[in-house]
Every structure is written in structure tokens, then in C-alpha cells.
2 protein chains.
Amino acid sequence: MTRIGPVVVDDCEQTRAADLFATIADMSPDKAGVSRPAFSEVETAVLAYLEKVAGDAGLAVSYDVGQNLVMSLPEDAEAEKFVLVGSHVDSVPMGGNFDGLAGVIAGLMCLLRAHDRGERFARPVKVIAMRGEESAWFGPCYIASKTLMGVLSEEERLSQHKQDGRSLEDHMQGVGIDMAPVRAGKPLMDAATILEYIELHIEQGPLLIGKDMPAAVVNSIRGNHRHKRIRCIGEAGHSGAVPRAFRRDPVLAMADLLSRLDEAWLSIVQKGGDLVLTAGVVHTDSERNAMSRIPDLVDFSMDIRSQSAETLDGMRELLHREVAQIERERRVRFEFDQANLTAPALMSGAVVSGLEAAMERLGLEPMVMASGGGHDAAVFANAGVPAAMVFVRNANGSHNPDEAMEIDDFLVGMSIIYDHLTEGAAHAD
Amino acid sequence: MTRIGPVVVDDCEQTRAADLFATIADMSPDKAGVSRPAFSEVETAVLAYLEKVAGDAGLAVSYDVGQNLVMSLPEDAEAEKFVLVGSHVDSVPMGGNFDGLAGVIAGLMCLLRAHDRGERFARPVKVIAMRGEESAWFGPCYIASKTLMGVLSEEERLSQHKQDGRSLEDHMQGVGIDMAPVRAGKPLMDAATILEYIELHIEQGPLLIGKDMPAAVVNSIRGNHRHKRIRCIGEAGHSGAVPRAFRRDPVLAMADLLSRLDEAWLSIVQKGGDLVLTAGVVHTDSERNAMSRIPDLVDFSMDIRSQSAETLDGMRELLHREVAQIERERRVRFEFDQANLTAPALMSGAVVSGLEAAMERLGLEPMVMASGGGHDAAVFANAGVPAAMVFVRNANGSHNPDEAMEIDDFLVGMSIIYDHLTEGAAHAD
């Protein structure tokens with residue numbers, strides 16, 4: 001036995017987790033970090049490796065009709081209702097090794113721990129290693145879980161791979177998925193068979209590092225209102241020769257808009273509201289822009305997220321109200337692309353409480369937080385499955401080669417889930 | 001004879017001017033508008049074409065040591081002191097055909113008119129077709145006139161071409177300029193030999209159109225304080241996962257800065273001050289930026305201009321004061337490249353009066369205005385040469401394919417200069 005703070009783990013588990021992560025990182029190298037494209041051969045190879053590890057250890061393994069790997073204790077293989085633990089194995093290009101994969105390995109290690117210790121779960125547990133979740137490859141996100149729940153739209157199914165231009169449908173067929181039920185919008189998995197969905201994930205922000213805590217329970221997933229491109233159109237002119245009153249400067253109009261939204265953000269946060277706002281991509285026209293030229297236009301992205309659907313609606317209204325005012329004041333014009341909307345997802349109070357109780361039993365200070373990023377858990381939650389997540393402390397955010405999760409923190413997060421899964425059973429034995 | 005309002009021009013001059021502009025536009029096409037890179041083969045070809053036109057008409061032609069084309073009546077070719085009329089032939093990429101070229105063709109047409117009519121100038125006149133003036137190619141502006149006056153700095157001389165990365169020095173050598181005296185900071189032309197410098201230029205703003213006047217005399221040129229690149233550095237992160245208090249968002253910091261400067265600008269203009277301010281180039285890092293990522297940095301240009309050196313100084317101080325405050329408030333860092341400073345240039349009262357008197361003699365309402373753009377005239381003025389400019393009405397500003405100067409307005413502007421050049425002589429004959 002080894003102690004990580006108050007949490008006790010088995011002797012071999014630090015090595016086992018480190019080995020699993022390292023082996024899979026070696027299978028998916030990129031120029032920097034790792035690349036595990038959604039619905040690719042690399043992804044299939046990672047599933048096959050996990051299948052072999054689980055099979056060699058005596059676990060039951062199979063593939064569902066979405067060609068996701070499903071693992072369980074042998075006695076739970078045929079269970080009709082089960083707690084589902086998992087996440088996705090794909091990554092963004094030049095991504096980190098932990099976003100997604102940590103949740104899969106956490107589930108597998110729960111099974112291995114139970115198997116090694118000869119312990120039973122309170123209810124049957126299946127661990128799912130899902131395929132494509134990242135939007136980096138085709139545009140749509142949560143593809144595997146949407147497919148399982150029967151909510152992958154036609155538009156998403158026909159979206160094109162950003163590199164080879166082939167459709168998602170093509171790629172899904174390529175890894176052996178029968179697309180007939182997917183096209184028909186039929187769920188590949190009955191949501192009613194899932195007692196709970198639990199997903200461990202690295203935190204993509206700095207809260208746990210700031211609070212010096214290894215893990216926390218996630219009680220909601222922020223929804224978002226996003227525009228890939230808002231264009232502000234003004235009028236080009238000589239930077240020195242056009243007096244202020246004659247200008248239609250789109251960059252100053254954008255700056256004005258962002259400053260107004262930033263003020264609204266501050267005020268909402270000061271009142272205890274939940275909101276984040278990002279203009280991550282900003283470009284004047286690189287073919288025409290010059291230091292001595294009033295630009296004709298500027299393009300910028302807008303990503304507004306909140307746990308509250310009401311706050312999201314309010315910000316959307318504010319955005320358009322401020323835009324209308326700035327258009328009048330500065331004689332510019334804003335063009336919006338189709339907004340991308342995702343509703344906030346509430347985690348199940350019962351599952352959140354269960355995981356909090358597990359933290360307390362382990363001697364950890366219970367902590368609950370919101371997830372800023374979207375996750376497969378939101379898809380299951382919105383399909384009616386009681387769901388919750390465990391976040392593990394992680395430096396440097398996600399979607400980059402510098403993701404930095406400590407194995408010990410991971411084992412704490414995995415132990416929280418294990419304790420929750422075994423809780424009733426331990427008393428029953 | 002043809003009348004343009006009160007101004008009389010020779011019959012062939014409308015066609016001649018239109019032909020000269022059209023031929024040179026055809027020599028320098030771009031995807032849109034024209035491109036005549038500074039110190040390029042296209043520029044050399046334009047000078048060679050003008051040399052041939054002037055030579056064929058019986059004018060004296062030569063190249064100075066800066067490889068600029070110098071044209072005159074044969075009898076003025078060896079004059080030790082002379083009035084210099086001219087401008088530059090280079091353009092910005094995808095620029096208009098008139099910025100620069102109009103001043104050169106105006107000078108050439110003054111020579112052709114005198115030659116055709118058998119008239120003499122009051123004092124010897126040389127017309128100069130200069131090379132690179134636009135900052136779009138290397139960063140520094142007024143390169144040819146600075147070289148002539150011996151004030152091209154080492155930093156400017158070593159600046160890199162924006163497309164091929166080769167130094168300005170390299171490009172200057174490439175068109176046959178002996179760089180030894182330039183490196184030594186020696187003037188290639190003695191300012192004391194220039195009795196007056198006169199430059200016709202399209203107006204780059206909307207004032208003459210607003211006043212429905214074909215031309216005006218320029219009595220001052222705005223100075224500027226410019227940065228090609230200010231970089232604001234923050235900290236990247238997941239757009240959904242980092243709460244406001246943890247953010248170091250460089251785009252919102254830039255927006256804040258621009259909004260503060262915009263407010264200061266409004267207040268200065270309301271108090272009757274002279275100021276224009278432009279951030280013409282704005283880019284997040286296109287390799288790393290994404291809708292769902294707080295950007296690590298944003299680069300933007302800054303072009304601040306005023307007729308008043310005091311206002312420029314005040315804005316420079318304000319810029320750095322606001323930056324320091326925003327750095328503290330938003331935990332970002334701003335990096336400035338070397339500022340490009342040009343002092344405001346006062347035109348010569350005598351030359352301005354001379355040109356105003358010419359307007360009156362021609363039956364035009366005299367008008368005097370400031371120039372927003374910088375011009376070679378500022379370099380000559382700051383070297384002690386009595387200088388002035390004539391602006392010609394022009395729609396759509398400059399530095400874009402839509403520059404729209406009417407040939408008739410051009411001929412009015414050219415006639416003002418011609419009348420001024422011939423004034424004493426006409427009486428003397």
C-alpha cells in the first residue's frame with residue numbers, strides 16, 4: 001500500500017498508470033505532443049491495446065455497435081443495467097496525452113483494482129473507451145457519445161475531415177461502424193440501461209492548482225454561445241488623412257464592443273453569476289492591412305459560456321444590443337455567422353453527492369466545481385442519464401502538448417470513483 | 001485650348017496625362033490595383049519609361065546618385081540652383097495609381113508644357129521621379145528623399161523587405177545605388193541647391209470632395225508616432241475553463257487600450273486639437289489561435305499623427321501610461337518595437353503664398369489645408385528646403401485600388417504649379 005495524502009492506493013498502481021499512459025503516448029506521436037485522430041487507425045490501435053491489457057488481466061472485453069471498447073469484470077459482462085465509467089481516447093492534433101485518455105484509464109484501473117483485490121462493485125460497472133470526441137477533426141464534438149444516444153445530426157454526420165476532406169460517415173464506416181441505424185437516428189445504447197455515467201477528466205483550467213487540491217466533483221457543464229467568425233466592416237482610408245468624424249474604423253468598433261462585453265462580464269461575475277467570454281481569433285485582412293491604412297474589416301471569434309441558460313440568453317441579447325448601438329455610433333456593420341449553441345448540462349445531484357461522499361470517506365476535502373469545457377458527460381446528461389464528473393488537477397490547460405497531470409493526482413481522482421462504485425457493496429459484504 | 005472651370009489647359013494635355021497614367025498602371029498590375037515595389041525592377045522600368053517619354057520630347061534626362069530620374073528643359077540641365085518638382089513612383093501593394101505618380105507626372109507635364117509653348121521658367125526647374133517612399137515594403141518611409149538628404153538611419157537601411165526578407169540596403173544596391181556615401185550619412189544632394197521643393201499629391205482624405213474644390217495648397221504635414229508591432233502577451237488557456245479572475249487575456253487588454261486611446265482622441269478633437277489614430281493591423285497568432293482558446297498574444301500596429309508636436313508627445317505619454325495601468329490591472333505585458341517618429345513639418349510660408357497667388361491668378365478660390373499623410377516634402381522641409389505641396393481632390397483615399405482622381409482636377413493642380421514656376425519669367429520676357 002502507498003499513501004497519497006490521505007488516500008491509500010495499491011503498490012503497483014502508480015507504475016501501472018504511468019505505464020499505460022506512456023505506452024499509449026508512444027503509439028500516437030506528433031511533431032509536438034500526441035495525435036489520436038477521431039475514427040482513425042491510431043484510435044483503433046489504442047483500443048486494441050487497451051483490449052489486450054484488460055483481456056490479459058482477466059477482464060471481459062467487447063466492442064459495442066459504435067465500435068467503442070467496453071470492459072468489465074467477467075461477472076458484469078451481461079448485466080442489463082450498469083454504471084458506465086469512461087471517456088474518449090482521441091485527442092486533438094498536437095494535443096496532450098491526458099484529455100480523454102485519463103477517464104478511460106481511470107475506469108480500466110477501477111476494474112483492475114476490483115479484480116486484483118477480489119472486491120465487488122455495488123452495482124454492475126462497465127467501462128467504455130469511446131472514439132471521437134474532439135471537434136478538431138471534423139467540426140462536431142462528442143461524436144461517439146452522440147452516436148450512442150442517437151443524436152448525431154445529419155449535418156454532423158456529413159461534416160468533412162479537416163485534412164482529407166472525406167466525410168465523418170466515411171471515416172466511421174472505415175472503422176467498422178454500421179451506419180444504417182446512425183443515419184436513422186436510432187440510439188445504439190438504451191439510455192435507460194445506464195444507471196449512472198461517470199467521467200474522470202483533467203481540469204482544463206487553473207482552479208485546482210490555485211486551491212492546491214488534487215481533484216473535485218463537477219456539478220455542471222457550461223453551455224456556450226459561439227461564433228467562429230463575426231466580421232466588422234468599416235471603410236478603408238489613409239491613416240493620416242481621414243479626420244475622426246469621417247472614419248468608419250472596424251478595429252476601434254470591435255475594441256469598443258469587446259470593452260462593453262468585458263464590463264458586462266465583470267458586473268455579472270461581481271453579482272455571483274457564472275460567465276466566461278473569449279475572442280480567441282482576431283485578424284484584420286492580412287492581404288490588405290497596413291500600419292498606415294484604416295482597415296476595411298476585422299474578423300473575430302466569440303465564445304461565451306455559462307452554467308446558466310439565462311445568463312447565456314442575456315449575453316446573447318446584450319451582444320446584439322451593443323452591436324446595434326455601435327453600428328449606429330461608428331457607422332460600421334457587423335456580420336455574424338451561424339451561432340453554435342450548446343445548452344448547459346446539469347450533472348445529477350445524486351451522483352454528485354455520491355462522489356462528494358466518496359471524497360469525504362477518503363479523507364479529502366469535498367469540492368464541487370463547474371466544467372468550462374464540454375464533455376461526453378453532457379451528452380449522456382442531456383439524454384436523461386444521471387451523470388457526474390471528477391476533475392483532476394492539471395497544469396497548462398488541455399489541447400496542448402504541455403498538459404501536466406500528476407499520476408498521484410490521477411490516482412486520487414480514480415480512487416474517488418472507485419470508492420463510489422464499491423460503496424454499497426463494501427457494506428453488503 | 002480647353003477650359004476646366006476657370007483654368008485653361010492645352011488641347012493635348014488631357015489625353016497626354018491620361019495616357020501616361022494608363023501606361024504606367026499597365027506596367028504594374030496587381031491582383032487588385034497596382035503594385036510598384038520600392039527599389040524594384042518594376043520601379044526601374046517605370047523610371048525608364050518616363051525617361052523615354054521625356055527624352056523623346058526633347059527634355060534633358062539623367063539619374064542622380066540615388067538612381068532617381070531627373071528631368072529638365074535642356075537649358076536647365078546644368079543649373080546649380082533650381083526649383084525641384086516631383087514625388088515618388090513606388091506604390092503600396094494593391095495600391096492606387098495616383099499616390100506619388102501624380103506628382104511626378106505633374107512635374108513632367110510642366111516641363112512638356114513649357115517646352116511645347118516655348119516658355120521659360122522664372123528659375124531653373126528640375127523634376128525628380130523618386131524611388132521608394134512607401135513604408136509598406138520595408139517599414140521606413142521617404143527612403144529616397146531621406147537618402148538624398150543624408151538622413152536615412154542605419155536601422156532603416158538594414159530593415160528587411162516584408163516579403164523576401166532581404167535588407168533595404170541590398171535592394172538599393174540591386175538598383176545600382178552606391179551605398180558607401182549612404183552608409184556614411186552623406187547627403188547625395190546639397191539642400192542649399194534647392195530653391196524650393198514643390199510636390200503635387202492626391203488628397204488622401206475627403207476634405208476637398210466635401211468642399212467641392214479641385215485643389216488646395218498644403219501648409220503643414222502631420223508628424224507621426226508609429227509602431228509597426230506592439231505585442232500584448234497574456235496566457236493561453238481553455239476558453240471555457242479559466243474564470244475571469246485567473247485570465248490574462250491579451251485581446252481584451254488590447255481592446256481596453258484602444259478604447260482608452262479612442263476616448264482621449266475624441267476629447268482632443270473636441271477641444272480643437274489635431275489628431276488621428278489607427279490600429280490598422282491586428283492579428284492573434286494564426287498557428288495557435290482557436291475559438292476555444294484564450295490567445296497567448298496579439299500583435300497590433302499603432303499610427304498616431306498630429307500637426308502638433310506637443311499633441312504627439314502627449315499621446316505618446318498617454319499610450320505608455322495607459323499600457324502600464326493595463327499591465328497591472330490585467331496582468332499582461334506589452335512589448336513595443338522601436339517607435340518610428342516623424343516630426344510635423346511646416347511648409348514654407350513663401351512657397352505656400354506663391355502657390356496661393358497662382359491659384360488666384362488662375363481664377364481659383366485659394367485654399368490652404370494640412371496634410372494627414374507624410375510626404376517626401378516633409379523630408380526636404382526638415383532639411384531646410386522651402387517646400388510646399390498642392391493637393392488634388394481624390395475620392396476613396398489612397399493606398400487602395402479605388403483611388404479616384406479626375407484628370408481635369410489633376411490638370412488644375414498641375415496648372416497651379418506651372419503658373420507659380422513661370423510667374424516671374426512671364427513678366428521678364
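Asp116(B) is partly exposed, with a relative accessible area of 45%; here buried means under 20% relative accessible area, exposed over 50% and partly exposed in between (1.4 Å probe, protein chains only). The structure is a predicted model, in which local features need pLDDT of at least 70, side-chain atom pairs count only at pLDDT 80 or more, and totals for chains, interfaces and linings use all residues. Residues are numbered from 1 along each chain as its sequence is written, chains are lettered from A and ligands numbered from 1 in the order in which they are written, and side-chain values use heavy atoms, with hydrogens and water left out.

Asp116(B) is joined to Arg16(B) by a salt bridge of 3.1 Å, N to O. A salt bridge is a side-chain nitrogen of Lys or Arg within 4 Å of a carboxyl oxygen of Asp or Glu. Arg16(B) lies in helix H1 of chain B and Asp116(B) in helix H3 (residues 101-117) of chain B, so the pair ties together parts that are 100 residues apart in sequence. Helices (H or I, at least four residues) and strands (E, at least two) are DSSP runs, numbered from the N terminus. Arg16(B) is partly exposed as well, at 23% relative accessible area.

A second salt bridge links Arg131(B) and Glu43(B), with the closest N and O atoms 2.9 Å apart. Arg131(B) is in the loop between strand E6 (125-130) and helix H4 (143-149) of chain B, and Glu43(B) is in helix H2 of chain B, so this pair connects parts that are 88 residues apart in sequence. Both partners are buried: Arg131(B) has a relative accessibility of 2%, and Glu43(B) has a relative accessible area of 0%. In the salt bridge between Asp303(B) and Arg305(B), the closest N and O atoms are 2.9 Å apart. Asp303(B) is buried at 0%, and Arg305(B) is buried at 2%. Over all chains the count comes to 63 salt bridges.

Ser415(B), in helix H13 of chain B, is buried at 2% relative accessibility. The side chains of Ser415(B) and Arg113(B) are joined by a polar contact of 3.2 Å. A polar contact is a pair of N or O atoms within 3.5 Å; within protein, one must be able to donate a hydrogen and the other to accept it, and residues adjacent in sequence count only if both atoms are side-chain atoms. Not counting residues up to four places away in sequence, Ser415(B) touches Val7(B), Val9(B), Arg113(B) and Leu362(B), where contact means heavy atoms within 4.5 Å.

Most residues other than glycine have a negative phi. Phe39(B) has a positive phi, near 55°. Phe39(B) lies in the loop between helix H1 (13-27) and helix H2 (41-56) of chain B and is buried at 3% relative accessibility. Asn396(B) also has a positive phi, near 70°. Asn396(B) is placed in the loop between strand E19 (387-392) and helix H13 (407-428) of chain B and is partly exposed at 46%.

Between the chains, 61 residues of chain B are in contact with 54 residues of chain A. The two chains bury about 5000 Å² between them, 62% of it on carbon and sulfur atoms; buried area is the accessible area (1.4 Å probe) that two parts lose on being put together, summed over both. In chain B, the most area is lost to chain A by His238(B), Arg244(B) and Met291(B), together 15% of what that side buries. Five salt bridges cross the interface. In one of the salt bridges, Arg244(B) pairs with Asp262(A), with the closest N and O atoms 2.6 Å apart. H9(B) gives the largest share of the side of chain B that touches chain A, 11 residues.

Chain B is superposed on chain A by a rotation of 178° with 1.5 Å of shift along its axis (RMSD 1.7 Å). The two copies are thus related as by a two-fold rotation axis. The superposition is by least squares on the C-alpha atoms of residues with pLDDT of at least 70 in both copies. Ala255(B) is the residue of chain B that comes closest to the rotation axis, at 2.2 Å (C-alpha).
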